[in-house]
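Hi,

Here is the structure I promised to pass on.

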Amino acid sequence: MSTTTTKSGSPKRRLGDLVFANLTRGAGLIILVALAGVAVFLTLEGAPAFSAGPNDLGGKSNLLAYVAPLVFGTLLAAVIALLIAVPLALGVALSISHYAPKRIASVIGYLVDLLAAVPSVVYGLWGIGFLGPKMVPIYEWLAEHLSWIPFFAGPASNTGRTIFTASIVLALMVLPIVTAITREIFAQTPRLNEEAALALGATRWEMIRMAVLPYGRSGIVSAAMLGLGRALGETMAVALVLSASGVVTFNLISSTNPSTIAANIALTFAESNGLARNALIASGLVLFVITFVVNFSARAIVARYEPGSKK
Amino acid sequence: MAKSIDVSDLNIYYSDFLAVEGVNMTIKARSVTALIGPSGCGKSTFLRTLNRMHEVIPGARVEGKVMVGGQSLYDSDVDPVEVRRMVGMVFQRPNPFPTMSIYENVLAGVRLNSKRISKSDADALVEKSLQGANLWNEVKERLNKPGMGLSGGQQQRLCIARAIAVEPEILLMDEPCSALDPISTSAVEDLIHELKEQYTIVIVTHNMQQAARVSEDTAFFNLAATGKPGKLIEMNPTKKIFSVPDEEATEAYISGRFG
């Protein structure tokens, strides 16, 4: 985000130019300062937690044992959410950009955007009050018939407040952003590439596979990564839906579930103090680092797919 | 391979707008037919009805008949996808698939027919098609490099190789040289000369010298006025069109006295 006017020594600079250049530079710097400030705060406040004992760490012997299950839960919920959301979002985006008649497509697009405007606490309430109970019979069926798959080992939760339900709610929450980005990319597929495929005798689906998806590949990856970032950090919906007990398990449908970092902080921060509070902040630092890594790897992947300058 | 085309009473519409009216035309097999005329006269539109690419645009439709080797293209039981596999097309701007290698670009159409072909057959087909498009010697060392890395003229010949790899009956070319420099243009024109031994070729061009150089027959399209539909004014052997055309309008266009 460097401005083009930063080169010094140009013969004559107008005042307006100078003021505006410095304003934009200031805006850019504020972002860096804010980010650095957050990182410094998390590190300073989190550091004392390294000496925390079982009393402050919910019975865990050290900080690592405390944070690890939370990291596990965070990643598990976010990854399942992505596995649900990305294929669905690609379907929605393709139907908007290439299948649905124009008028219907714009209505669908509008409705998907509307999903993004729903506050996360509303999603949480919907998850507890509606989706959870509705999922119970499904979980019972899975526990009965597919319990040989570790994911569905059961016993089934009778409230439906499982990590799987939380993941479905998360999936709905990341759907709009993934859909919005991918449909934008798909709609930009050069007409020339699409016609090249069609003129070779491609069906509509083959045309999408030959021309649209390859063109949108980097966009799909970055959309998914942005969705992942959102799912990792989502707090309220997970805190409401999940009945968490801080275990590490791949069992998705039982009533004992891993918690997530963000939800754990939201649920326990208010009544914690001293080193317990430092431990929570340290877990926040871990989340901060994870989202950072996700974003950087997203950029790395996009850059590898697209050696040019295309975004 | 190579079939003739018979067009009778063809009207072409974009929704309610009649773009081209009443075309009757016979295109001979194994020859090159050029379509010339001013911009907007409907020659590209007409070309795109010969492989049903016209209807890709929403609201576009045709009335009348197009027969290819005795088979009507617009019968209700004819699948446009099948038509496009039989009638290949080369576009105004080279359009290799950007994410595919040269090798994969040539095979793109073949892979569509969801046939499994062995590696050795694929290699042979790629070589044959690239030879056919006069490109083999220039790219044989770098078949796995992206198709977009080639020059414009090479890309256009790659697109021709891709089109002939599926062994179509007919090859349509929509101003294939308009984005190319003179040297590349001459390479593509030489190629057209060779390809007509095997294929029926219909080429739209703005360049009248090009029409004169490459084609056996020439069809001249024109519009009566802006907003009126385009019409086929005259179709005759190219030699006749460029020396003693039947119509006054053709003479005016060719000699530059047009409009």
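**The hairpin and its sheet**

Let's start with the turn: S15(B) takes a positive phi near 50° in the hairpin of strand 1 of chain B and strand 2 of chain B, which has 2 residues between the strands. Before going on, note that this is a predicted model, where local features need pLDDT of at least 70, side-chain atom pairs count only at pLDDT 80 or more, and totals for chains, interfaces and linings use all residues. Residues are numbered from 1 along each chain as its sequence is written, with chains lettered from A and ligands numbered from 1 in the order in which they are written.

As for terms, helices (H or I, at least four residues) and strands (E, at least two) are DSSP runs, numbered from the N terminus, and two strands pair if DSSP finds at least two bridges between them.

Strand 1 (5-14) and strand 2 (17-27) of chain B are antiparallel, paired over 7 bridges. Strand 1 of chain B also runs antiparallel to strand 4 (60-68) of chain B, with 8 bridges joining them. V7(B) has bridge partners in both: M25(B) in strand 2 of chain B and V66(B) in strand 4 of chain B.

These strands belong to an open sheet of 10 strands in chain B, with mixed pairing and the order 5-4-1-2-10-9-3-8-7-6. Strand 5 (71-72) and strand 6 (87-90) of chain B are the edges, each pairing on one side only. For a parallel pair, look at strand 3 (32-36) and strand 8 (200-204) of chain B, joined by 4 bridges; V32(B) has I201(B) as its bridge partner there.

**Two helices in chain B**

Helix 6 and helix 7 (182-195) of chain B pack at about 20°, with their axes 9 Å apart. Axes are lines fitted to C-alpha atoms, for helices over the stretch in contact, and angles run from 0 to 180 degrees between N-to-C directions. The two helices of chain B are therefore roughly parallel to each other (angles under 35 degrees count as such).

**Where the chains meet**

The contact takes 15 residues from chain A and 17 residues from chain B. On the chain A side, helix 6 (191-199) and helix 7 (204-233) of chain A are the elements giving two or more residues. Helix 6 of chain A provides the largest share, 6 residues.

Cheers

Note on methods:
Contact = placed C-beta atoms within 7 Å. Parallel < 35°, antiparallel > 145°, perpendicular 65-115°, else oblique.
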